[in-house]
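Thanks for coming, everyone. Let me put the structure up and walk you through a few parts of it.

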Amino acid sequence: MRTSIFLISILIAQTKIDYADSLRENGDYEAAFAIYDSLRRQTNIPDTTLLYLYLTGAECLANLENHQEGEKWIDAGIKVAQRLRDTLGWSTLLYYLAWIRDSQGRFIEAESLYTLIKEWQENLEGVRKNALYTQTLNNLGLIKSTLGDYRAAENLYQQAISIQKDIAGPADSEYLTMLANLAVLYSQQGRYGTAEAIYKEIIQSIETHFHAKGRKHPDYPKFLSSLGEVYTNQGRYAEAESLLNQSARIKAQLFGTANLSYLITLNNLASLYSLQNRYQEALTLFKEIAQIMSQMVGESAPSYLVTLNNLTIVYQKLKQYEEAEKLYKITLRKLEERFGKNHSTYAINLGGLGSLYEEQGRYDEAEQILTESARLISATLGEKNQYYAFTLHRLASVWGKMKKYEQADSLWKAALRIFFQYLRQELSTLPAAYQERFLETNLTGRFRDFQQYVALRSKPPSSLILLGYRVGRSTKGLILTASEGLRHLAESSPDSSIRRLFLRWRELMAQYAALAMQERHSEADSIQRLTTEVEQSLLYRLPEIKAYFPDPFSEPEPELRKDEALIEVIQTKGQNSVLYNFYLFLPEKRRHRLHLYVLRVDSAWEKRAQNVYEILRSPEAQLTALAYRLLWNFIDSLLPKSVKRVYFSPDGIYYRINVGTLYDGKTFVADRYDVRHVASSRRLVLKQRQFPSQPPVVIGNPAFGIAPSVGAGTGMRVYRLFQSAIPPLPEAEAEAAVVARLLGVEPLIGEAATEERVKLLRSPKVLHIATHGYFQEGRGSPLLRAGLLLAGAAVWDSLYPPLGIEDGLLTAREVSSMNLLGTELVTLSACETGLGDITGEGLYGLQRAFLEAGAKRVIATLWPIDDAATREIMTSFYQKWTTALKSNSSPTKYSDKGEEIIDQAFADALRDFRRRYKSPYYWGAFILMR
């Protein structure tokens with residue numbers, strides 16, 4: 001009788017469990033848990049059933065975010081699992097415990113638990129095909145991503161995705177969610193093209209497996225919104241706004257407007273407005289969302305707190321500090337009530353309040369709050385992540401303003417060490433198209449703040465000045481050096497598949513440049529996305545690329561001779577002033593070789609100095625010392641009389657001047673110093689790889705042609721390079737003939753000087769181009785606004801050519817896709833080839849494009865040059881160079897000594913010409929950059 005009553009009770013219990021399971025699967029966790037809890041309290045429940053109750057109950061409590069009760073159930077369930085020796089049940093309960101730790105922001109503890117579950121499951125036969133294993137991989141990937149270990153996160157996601165697809169197929173919601181997590185990871189790294197491709201794959205899968213069969217997938221508009229966020233991050237704001245509005249409409253149709261998912265999309269739309277500086281629109285929309293969310297989900301829900309934080313940031317941007325402070329405090333109180341203070345989100349938001357106080361000059365309050373924020377981030381995320389470094393940066397800034405210099409020095413060093421680790425980790429896997437955006441978004445401003453701190457610090461110690469110099473040289477030309485590194489590694493790789501991939505990448509770059517020049521934006525964007533994907537594959541197969549990224553804490557200083565000096569110029573802009581840090585290295589035997597001179601000027605000084613300097617460009621202008629006094633006198637006063645050669649790395653206005661042309665009233669700077677320009681002094685300590693080269697190539701006076709009437713297959717350009725016909729350059733032709741004879745080759749003249757032939761060049765030892773050059777001020781990529789004119793340029797000056805026909809305009813973007821590895825020298829004997837846009841990365845124009853393509857040295861010009869004078873200078877330079885090479889002990893080898901001959905011959909040629917023609921107009925435009 002007892003047995004039958006026991007069996008009946010078991011059957012009744014199972015019926016209740018089935019009902020509770022149905023409630024749980026429909027998301028009614030509270031009702032389901034009440035049933036599980038009542039059954040758990042009964043006597044005579046078998047351990048197998050009891051374990052199931054603890055498992056399902058723990059899942060409900062985790063979803064209800066009842067963490068305290070959830071941990072009790074997990075502890076009790078683990079004891080039952082141990083009695084049963086049920087390892088799968090044990091690992092499932094640990095999974096829920098990790099989930100709870102994850103929800104609490106205790107990511108390091110959660111990571112440890114997920115790792116334990118993963119390793120345990122991998123030791124059990126057959127578990128790799130179960131859903132718990134894929135969820136563990138996925139969640140561990142989320143933790144790794146949060147902690148900044150993106151490589152590990154990507155690997156975990158890819159494993160989970162592969163297994164989940166085998167288990168459930170390509171239309172499974174969990175599979176699509178895991179794919180979306182991978183896309184989010186790529187977006188976090190700035191790999192937007194790859195993220196875009198994944199979201200499009202997800203959307204296509206849903207349209208194929210659901211919409212084609214007349215079914216609506218509830219996550220479809222969510223993924224549209226996610227794709228819109230990618231477009232937002234890419235700066236494709238119009239496309240982003242269109243997608244976000246489409247997502248909002250579909251969500252409103254499926255779920256109504258009183259729905260959390262709908263409001264989240266509106267939140268993304270408001271964030272887009274904020275990024276476009278449409279602050280009032282963003283403010284209005286965030287307020288509307290916050291009001292609805294507070295009634296719908298309550299003011300402690302994470303989604304509401306995210307909206308509140310976004311609203312706070314807009315208030316801070318609008319300098320409505322009182323409102324911003326009020327909302328920061330409300331958000332922090334709500335986060336503390338929900339998660340406690342030991343949560344990373346609380347810690348990061350606390351840092352936001354500290355930054356607000358710093359912005360207001362409330363340094364005592366900022367110091368206290370930022371110190372606590374740093375402590376909490378360290379406890380929850382560790383001390384190797386960017387959030388910790390960002391907080392150290394803000395605290396160091398506060399201490400600097402409070403004149404607590406020793407503490408600030410220490411924090412800056414700690415923050416910078418993390419920043420550069422973060423930089424190497426991120427940029428080494430990031431295509432060049434996204435590197436500058438990543439730097440500008442995450443790091444450039446922080447490096448700028450550090451340079452300002454060094455400049456304004458009272459009596460900076462030598463160790464801080466050295467760090468300022470190293471950081472400055474490391475962040476200038478950083479992307480250029482990385483791009484060169486990619487080319488070096490790919491071209492010299494023993495793996496033929498890598499070399500083929502590199503060739504494909506170069507071909508795609510050239511296609512993109514041609515399409516972009518013709519303003520075929522949609523096709524260009526498509527090619528650019530494909531280019532970044534190929535580049536991404538290259539980067540992952542070339543882990544040695546990390547060696548090309550700087551480590552300012554370990555790289556050596558340049559070796560200087562007794563008669564040499566080095567000047568690294570770093571410009572930073574504040575709200576009302578401009579700072580120039582001049583780091584001056586001298587070959588002294590005393591302990592301190594590095595000196596710092598700071599020039600602080602108002603925001604209009606650069607324009608005045610530029611106007612004064614431009615007077616020197618006129619052949620009739622009277623020479624004065626005004627430009628010298630403004631731009632160089634203070635440096636001259638610091639240089640010892642023994643210095644004869646100066647390595648000069650420019651920034652700011654110094655990109656637009658040739659310091660050798662500055663006149664002190666008696667002599668030019670170039671008469672006293674042999675000035676050698678370098679993109680960054682870091683290039684003086686990097687070991688350059690040697691590549692084989694081909695015979696020199698000399699081009700002169702291309703046959704520009706005559707502009708025709710509009711014909712079939714052509715389209716009108718939106719601009720003209722010349723208002724009338726492009727004038728020929730007979731002196732350039734004579735110059736090319738002489739240079740070619742000195743180099744022992746035949747020149748490409750007239751119709752032979754085509755764009756096609758130039759693009760097909762592969763590592764000529766010397767590339768000399770004598771033609772028209774241009775740089776156009778304006779918007780858009782500077783690499784598309786700078787170029788050289790070659791054969792047929794006049795034909796297509798105001799027209800677009802048909803497909804497959806080159807237009808004779810060799811843009812800097814097209815140059816950057818050429819292969820000039822092994823090219824010792826490129827001479828751009830043309831106007832304005834040394835101009836470009838100045839960014840935090842350096843000067844973007846033709847000069848940079850040739851360096852990026854692999855050339856070791858580039859001779860370029862800063863203003864329109866005289867045709868006849870240019871021919872004389874170039875003839876003299878090549879005569880001196882080739883004569884010196886013949887007398888060299890190894891005339892056929894371009895060793896370091898051979899490269900030195902290039903610099904010396906160039907300096908000698910300009911000096912000789914200067915003695916004959918004093919005006920800088922004739923010779924001052926020419927600079928040699930390496």
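I will take a helix pair, then one threonine, then some salt bridges.

First, the ground rules. This is a predicted model, where local features need pLDDT of at least 70, side-chain atom pairs count only at pLDDT 80 or more, and totals for chains, interfaces and linings use all residues. Residues are numbered from 1 along each chain as its sequence is written, and side-chain values use heavy atoms, with hydrogens and water left out.

Start with the helix pair. Two packed helices are described by the angle between their axes and the distance between the axes. Here, helix α15 covers residues 302-317 and helix α16 covers residues 321-339. Their angle is about 160°, and their axes are 8 Å apart. Axes are lines fitted to C-alpha atoms, for helices over the stretch in contact, and angles run from 0 to 180 degrees between N-to-C directions. Helices are DSSP runs (H or I, at least four residues), strands likewise (E, at least two), numbered from the N terminus. So α15 and α16 are roughly antiparallel, the term for angles over 145 degrees.

Which residues meet? From α15, they include Leu305, Leu308 and Tyr315; from α16, Leu327, Ile330 and Phe339 are among them. Contact means heavy atoms within 4.5 Å. The residues of this contact divide into twelve nonpolar, four polar and three charged. Nonpolar is Ala, Val, Leu, Ile, Met, Phe, Trp, Tyr, Cys and Pro; charged is Asp, Glu, Lys and Arg; polar is the others, Gly among them.

Next, threonine 265. Its place is in helix α13, residues 260-275. Is threonine 265 buried or exposed? Buried, with a relative accessible area of 0%. Buried means under 20%, exposed over 50%, partly exposed in between (1.4 Å probe, protein chains only). Leaving aside neighbours within four places in sequence, threonine 265 touches Ser225, Leu244, Ser247, Ala248 and Lys251.

Now salt bridges: a side-chain nitrogen of Lys or Arg within 4 Å of a carboxyl oxygen of Asp or Glu. How many are in the whole structure? The search finds 46.

One joins glutamate 564 and arginine 645, at 3.2 Å, N to O. That pair links distant parts of the chain, 81 residues apart: glutamate 564 is in strand β1, arginine 645 in strand β4. Both are buried. Glu564 and Arg645 also belong to a network of salt bridges, with Asp674 and Arg857 among the other members.

Last one. Lysine 222 bridges to aspartate 219, with the closest N and O atoms 3.9 Å apart. Lysine 222 is partly exposed, at 33% relative accessible area.

How values were computed:
Parallel < 35°, antiparallel > 145°, perpendicular 65-115°, else oblique.
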